[in-house]
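Please open the model in a viewer and follow the selections below in order. Each stop names what to select and then describes what is found there.

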Amino acid sequence: MANTILVGAQWGDEGKGKIIDVLTGEADVVVRTQGGNNAGHTVFIGKQKYVLHLIPSGILRKGKVCVIGNGVVIDPIGLVDEINGLEKLGIKVDDSLFISETAHLVLPYHRELDEQREILKGKNKIGTTKRGIGPAYGDKAARTGLRMIDLIKPKAFEEKLKAKIKENNEILKAFGAKPLSFAKVHEAYRRAGEKLAPFVANTVIYLHTANRRGKDILFEGAQGTFLDIDHGTYPFVTSSNTTAGGACTGSGIPPHRMDRVVGVMKAYTTRVGEGPLPTENSEIADMLHNMGREFGATTGRARRCGWFDAVATRHATMVNGIDELAVTNVDGLDTLDRIRVCVAYRVGKQQFDYVPNDIDLLGRCEPVYIDFVGWKTPTTNARKWKDLPPRARTYLEALAEVTGARLSIVSVGPSREQTIFV
Ligand code: GDP
Ligand code: IMO
Ligand code: MG
């Protein structure tokens, strides 16, 4: 399979977990390289549902090695809960997980500050997952963060944590929030550190050694292109590079070792949290929510929904260097008479075929649509390209054409089997 970067080409929740699970069949190692437990990646194996937050979705296949890379921010308590949850479901992580010693920690003051800053922003809030992601990456950039390598050295960790809690309690006080108890936090994190210590490793050396031995590495992106800290709809973004470059910096594997980039996108658009969404549409949102679909895997919030936005996916192809497309949730459109695709944005007399950086301007963009006739046939049982209704094939070919990459995978349901290789 060679080394493959998989990224979300929209605003997150594109179905990356499902596609990672499918592609892991051919990979040896699966790596998360950015984000934290703000991510929620859903995989169905048979009727069993798994939601992964920090651990790569590759963990569900026996014999695969999973790595949490240096670019990820790790909430140690969340990670221990996730490991325990998987073990309860019969998935052993023992020999198959490595955690980077230089990955930064998410600590309780990060979560508390995330919450307090959102409250202070009022109607201008970002709508974060409140997992402390922004403040944790903030500490990393300010060079004041604690890392996994600190967590597993009990004496030094105690000292460093004490200083951090003292400092952050001052900030929390200014917000009018309750200060944290060092003793309680320390005890909880000391225990988590003990549980995680056996997994902690120099993952850069591990990955390079594996790669030299001919192992195929799959890089599991979290969030999506328009949540990227540099290329997204700032400030309504997350705090990491969710685009393809993040896979290099977040793992230590250089760009020329990467062989292909797969972009995952839904056959329509969703977004959870605030910020512009040019093709947002209540008709398609109501339809999907009434089907019980499009509720967040991490926070349970109803996702905002809209028509497919080709201006956005074309932009995503450009900044990620997407070679191949995986289009998911095609079955979500099975009942519609008419399906719309946005091919440009318009503001007054001005027309855009790219995503403008001015967030206020983007908020005023009106989509220019082309319409497709719906196929009005269930697609969930299709297993080959020719099983799809001709109108669905026409629609998918058009999405690839306007997005500017090769259609490679089509997903017609949440399970592994509901996958078509084009
Ligand atoms: P991720 O964050 O990109 O991994 O995506 P999420 O797991 O947050 O959200 C995608 C949702 O769509 C999950 O509930 C998946 O089980 C589901 N899903 C993925 N592909 C398909 C598909 O082709 N059809 C249907 N019906 N559901 C899908
Ligand atoms: P996966 O990997 C969808 C969104 C939040 C919010 C913004 C900032 O499952 O696709 P943060 O907590 O990161 O500071 O929130 O980013 N967000 C996601 N939306 N999928 C995700 O991950 C997301 N992770 C963060 O809703 O708008
Ligand atoms: Mg998700």
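## Ligand 1 and its surroundings

Select N329 together with ligand 1: a backbone N or O atom of N329 lies 2.9 Å from an oxygen atom of ligand 1. The protein covers 90% of the 580 Å² of accessible area that ligand 1 has on its own. The model on display is a predicted one.

Remain on N329 for a moment. This residue belongs to the loop between β15 (324–328) and β16 (338–347). Is N329 buried or exposed? N329 has a relative accessible area of 19%, under the 20% limit, and therefore counts as buried. Display its contacts next: residues up to four places away in sequence aside, N329 touches E14, K266, A267, Y268, R293, E294 and S411.

The contact from G40 comes from its backbone, where an N or O atom lies 2.9 Å from an oxygen atom of ligand 1. The contact from R303 comes from its side chain, with an N or O atom 3.0 Å from an oxygen atom of ligand 1.

## G17 in helix α1

Select G17, which is found in helix α1. With a relative accessible area of 3%, G17 is buried. Which residues does G17 contact, leaving aside its neighbours within four places in sequence? They are H41, T42, V43 and S57. For a distance across the model, draw a line from the C-alpha of G17 to that of L333: these residues are 316 apart in sequence and 20 Å apart in space.

## Ligand 2 and its surroundings

Move to ligand 2 and select D13, V272 and R301 with it. A backbone N or O atom of D13 lies 2.8 Å from an oxygen atom of the ligand. For V272, a polar backbone atom is 3.0 Å from an oxygen atom of ligand 2. R301 uses its side chain, in which an N or O atom is 2.9 Å from an oxygen atom of ligand 2. The protein covers 98% of the 550 Å² of accessible area that ligand 2 has on its own.

Of the 20 residues around ligand 2, D13, K16, H41, T129 and T238 come nearest. This shell divides into 7 nonpolar, 10 polar and 3 charged residues.

## Helix α3

Finally, select residues 108–121, which form helix α3. This helix has 14 residues and reaches 20 Å from its first C-alpha to its last, close to the 20 Å expected at 1.5 Å a residue. Show the side chains of P108, Y109, H110, L113, D114, Q116 and E118, which are buried. What do the buried residues of α3 pack against? Their partners are β8 (104–105), α4 (133–141), α6 (154–174) and α7 (182–196).

Conventions. Residues are numbered from 1 along each chain as its sequence is written. Chains are lettered from A and ligands numbered from 1 in the order in which they are written. This is a predicted model: local features need pLDDT of at least 70, side-chain atom pairs count only at pLDDT 80 or more; totals for chains, interfaces and linings use all residues. Side-chain values use heavy atoms; hydrogens and water are left out. Helices (H or I, at least four residues) and strands (E, at least two) are DSSP runs, numbered from the N terminus. The expected span of a helix is 1.5 Å times one less than its number of residues. Buried means under 20% relative accessible area, exposed over 50%, partly exposed in between (1.4 Å probe, protein chains only). Contact means heavy atoms within 4.5 Å. A residue is near a molecule or strand if one of its heavy atoms lies within 4 Å of it. A polar contact is a pair of N or O atoms within 3.5 Å; within protein, one must be able to donate a hydrogen and the other to accept it, and residues adjacent in sequence count only if both atoms are side-chain atoms. Accessible areas come from the Shrake-Rupley method with a 1.4 Å probe; for residues, only the protein chains shown count as cover. Ala, Val, Leu, Ile, Met, Phe, Trp, Tyr, Cys and Pro count as nonpolar, Asp, Glu, Lys and Arg as charged, and the others, Gly among them, as polar.
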